[in-house]
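Visitor: I have a model open and would like to go through it. Can you take my questions as they come?

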Amino acid sequence: MAHNSVEFEDFLPLMAEKLGEEGLMEELCNGFRLLMDPRRKLITFESLKRHAALLGLEGLRDDELRGMLREGDLDGDGALSEMEFCVLMVRLSPELMEQSRPLLDEAFRQAVGGGL
């Protein structure tokens, strides 16, 4: 039986194309707020586990959920900030990474050049 499924790595570039840069960032921020712990304003293991069904991840074991957090946890605090979540979502989409590389390079040049 053939499946016409769209994998995540295919879905994010489609969203970016349809929504534009600002719309995509807004949707990523909405996704973050949906998954975050409202008290800590972070995606914690507990908040991810509580909301896993929203992502279709209800079958994942605790160690798999923790692995997802570790993959995006850039500062080592065991949770995902909004920025870490957005970076992880873009990293999980190779096509979007390639499309956004020139924009990231330019933003970095401006930040380094403008900050000195």
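Guide: We can go through the fold, the core, the cysteines and the surface in turn.

Visitor: What am I looking at, experiment or prediction?

Guide: This is a predicted model.

Visitor: How many helices and strands are in the chain?

Guide: The chain has five helices and zero strands. Read from the N terminus, the order is α-α-α-α-α.

Visitor: What share of the residues count as buried?

Guide: Of 116 residues, 31% count as buried. As for contacts with a separation of 6 or more, 40% are between residues 24 or more positions apart.

Visitor: Which residues have the most contacts inside the largest nonpolar core?

Guide: Phe32, Ile43, Leu48, Leu69, Leu80, Phe85 and Met89 do, in a core of 14 residues. At least two core residues come from each of α1 (8-35), α2, α3 and α4 (82-91). The largest share is that of α4, with four residues.

Visitor: Take Leu80. What does it touch, leaving out residues up to four places away in sequence?

Guide: With those left out, Leu80 touches Phe32, Leu42, Ile43, Leu69, Gly72, Asp73, Phe85 and Leu88. Among these, Phe32, Ile43, Leu69 and Phe85 are also on the list of core residues with the most contacts.

Visitor: Changing topic: how many disulfides does the count come to?

Guide: The count comes to zero.

Visitor: Is Cys29 buried or exposed? And Cys86, buried or exposed?

Guide: Cys29 is buried, at a relative accessible area of 18%; the limit for buried is under 20%. Cys86 is also buried, with 8% relative accessibility.

Visitor: Which residues make the nonpolar surface patch?

Guide: Leu34, Leu54 and Leu55 make a patch of about 290 Å².

Visitor: Where is Leu55 found?

Guide: Leu55 is in the loop that runs between α2 (45-51) and α3 (62-72).

Visitor: Why does Leu55 count as partly exposed?

Guide: Because its relative accessible area is 42%, and partly exposed covers values between the 20% limit for buried and the 50% limit for exposed.

Methods
Residues are numbered from 1 along each chain as its sequence is written. This is a predicted model: local features need pLDDT of at least 70, side-chain atom pairs count only at pLDDT 80 or more; totals for chains, interfaces and linings use all residues. Side-chain values use heavy atoms; hydrogens and water are left out. Patches are made of residues with over 30% relative accessible area and no salt bridge: like charges are joined within 9 Å, nonpolar side chains (Val, Leu, Ile, Met, Phe, Trp, Tyr) within 5 Å. Accessible areas come from the Shrake-Rupley method with a 1.4 Å probe; for residues, only the protein chains shown count as cover. A salt bridge is a side-chain nitrogen of Lys or Arg within 4 Å of a carboxyl oxygen of Asp or Glu. Buried means under 20% relative accessible area, exposed over 50%, partly exposed in between (1.4 Å probe, protein chains only). A nonpolar core is a set of buried Ala, Val, Leu, Ile, Met, Phe, Trp, Tyr and Cys residues joined through side-chain atoms within 4.5 Å. Contact means heavy atoms within 4.5 Å. A disulfide is a pair of cysteine sulfur atoms within 2.5 Å.
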